[in-house]
Amino acid sequence: MAQLSGETRVLGVIGHPVGHTSSPAMHNAAIAALGLDYVYVAFPVRPEDLGQALAGIRALQIRGLNVTVPHKVGVMALLDEISPEARTIGAVNTIDHSEGRLIGHNTDAFGVMQSLRLDGGLDKLPLRVALLGAGGAARAILYGLLQCPEVENVALLNRTADRAEALAAALDPEGRRVVPGTLDEHSGKVVGQAGLLINSTSMGMHPHPDASPLPDPTCLHPGMVVLDIVYNPLETLLLRQARQAGARPVDGLGMLARQGARAFAIWTGMEPPVEAMRAAALERLGKPSA
Ligand SMILES: NC(=O)c1ccc[n+]([C@@H]2O[C@H](COP(=O)([O-])OP(=O)(O)OC[C@H]3O[C@@H](n4cnc5c(N)ncnc54)[C@H](OP(=O)(O)O)[C@@H]3O)[C@@H](O)[C@H]2O)c1
């Protein structure tokens, strides 16, 4: 790490817990690669202390923060401004502290769309997309998909159908492009019609690496891109099934690095060194969790 000085500017992440985060590794790698006088640290903030933490950003002149679980929604009421994108998504993952104002952004939609283009080779998305899950990540992903006019139909499948319906109604109120449904043993038919499948459920994530969100993988087919945003482990059962079916697998590391890179650009105004960030996250993920 570069020498810290009286001029060093502070970046960080707030969450609870934050011990598992790969953000310090990613951002400090970017800072080192560009030789900037910044440092990035993790701040564990309990939900009941969120207001004090936000006051602390102002008092300590922290330049910017990432926001992770469980604060992505709660933080919104404490900011001076929220970007239209973050407002529509309904969650903030990045705070820009600029000229005394706290401005909330959401960089997850950007991260996932960049990953689909650059890691998945999709200059244009297919007409039909299947999105599994209706949690926090799904909101940002669905927002990103709906920004692409070429996407005509998104099958939004979730274990709890009510959540899929509520998310579809929130982001596609006229019900023109999003078709909510239940993720179950009958999902294969709908998924098989899609040119792009995105898993945003936590199924397959550590400590359940033998779980797949798709009960029957025979619906996966060549020509399909399969993005699994789970990044621990990096190669999930779903991605192995995709590879075996001749589909193109894309892991969650690209989205992780690219959402972080977007935040870094917001804070520093610099072109982020995405590959250095990706490599640092990969190294961090390779280390056994403490
Ligand atoms: N690559 C990245 O940059 C990135 C970014 C954000 C998140 N992620 C990863 O994405 C995953 C989801 O994150 P999130 O923040 O959206 O979580 P979340 O808000 O808690 O949502 C979890 C989702 O998974 C579903 N789910 C959980 N357990 C399930 C099970 N046993 N069977 C079927 N569905 C199940 C939930 O369905 P119900 O609604 O039915 O409960 C819900 O749709 C996590 O693994 C997270 O690490 C990756």
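Where is the place of glutamine 61? Here are a few friendly notes, starting with that residue.

1. **Glutamine 61.** Glutamine 61 sits in the loop between helix 2 (50-60) and strand 3 (64-67); helices (H or I, at least four residues) and strands (E, at least two) are DSSP runs, numbered from the N terminus. Its phi is near 55°, a positive value in a residue other than glycine. Glutamine 61 counts as exposed because its relative accessibility is 64%; the cut-offs are under 20% relative accessible area for buried, over 50% for exposed, and partly exposed in between (1.4 Å probe, protein chains only).

2. **What you are looking at.** This is a predicted model, in which local features need pLDDT of at least 70 and side-chain atom pairs count only at pLDDT 80 or more, while totals for chains, interfaces and linings use all residues. Residues are numbered from 1 along each chain as its sequence is written, and side-chain values use heavy atoms, with hydrogens and water left out.

3. **Another positive phi.** Glutamate 99 is not a glycine, yet has a positive phi of about 50°. Its loop runs between strand 5 (94-98) and strand 6 (101-105). With a relative accessible area of 80%, glutamate 99 is exposed.

4. **The ligand shell.** The ligand is surrounded by 20 residues, and the closest are Ala137, Asn158, Thr160, Arg163 and Met205; a residue is near a molecule if one of its heavy atoms lies within 4 Å of it. By class, nine residues of the shell are nonpolar, nine are polar and two are charged. Here Ala, Val, Leu, Ile, Met, Phe, Trp, Tyr, Cys and Pro count as nonpolar, Asp, Glu, Lys and Arg as charged, and the others, Gly among them, as polar. Helix 5 (136-146) and helix 9 (253-268) each supply at least two residues of this shell.

5. For threonine 160, a side-chain N or O atom is 2.5 Å from an oxygen atom of the ligand. The side chain of asparagine 158 has an N or O atom 2.7 Å from a ligand oxygen, and a polar side-chain atom of arginine 163 lies 2.7 Å from an oxygen atom of the ligand. On its own the ligand has 920 Å² of accessible area, of which the protein covers 76%; accessible areas come from the Shrake-Rupley method with a 1.4 Å probe.

6. **The largest nonpolar core.** This core has 34 residues, and those with the most contacts inside it are Leu125, Leu131, Leu142, Leu145, Leu196 and Ile198. A nonpolar core is a set of buried Ala, Val, Leu, Ile, Met, Phe, Trp, Tyr and Cys residues joined through side-chain atoms within 4.5 Å. Among the elements that each supply at least two residues are helix 4 (108-118), strand 7 (128-132) and helix 6 (161-171). Helix 5 gives the most, with seven residues. At least three residues come from each of domain 1 (9-106 + 254-286) and domain 2 (109-251), with bounds from an automatic or database domain assignment.

7. **Buried or exposed?** Valine 226 lies in strand 11 and counts as buried because its relative accessibility is 0%. Glutamate 283, in helix 10 (residues 274-286), counts as exposed at 52% relative accessibility. The C-alpha atoms of glutamate 283 and serine 22 are separated by 9.2 Å, although the residues are 261 apart along the chain.

8. **Cis peptide bonds.** The bond from histidine 16 to proline 17 is cis, with omega near 0°, and proline 17 is in the loop between strand 1 (9-15) and helix 1 (23-34). Histidine 206 and proline 207 are also joined by a cis peptide bond, with omega about 10°; proline 207 is in the loop between strand 10 and strand 11.

Key
Polar contact = N/O pair within 3.5 Å; in protein donor to acceptor, adjacent residues only side chain to side chain.
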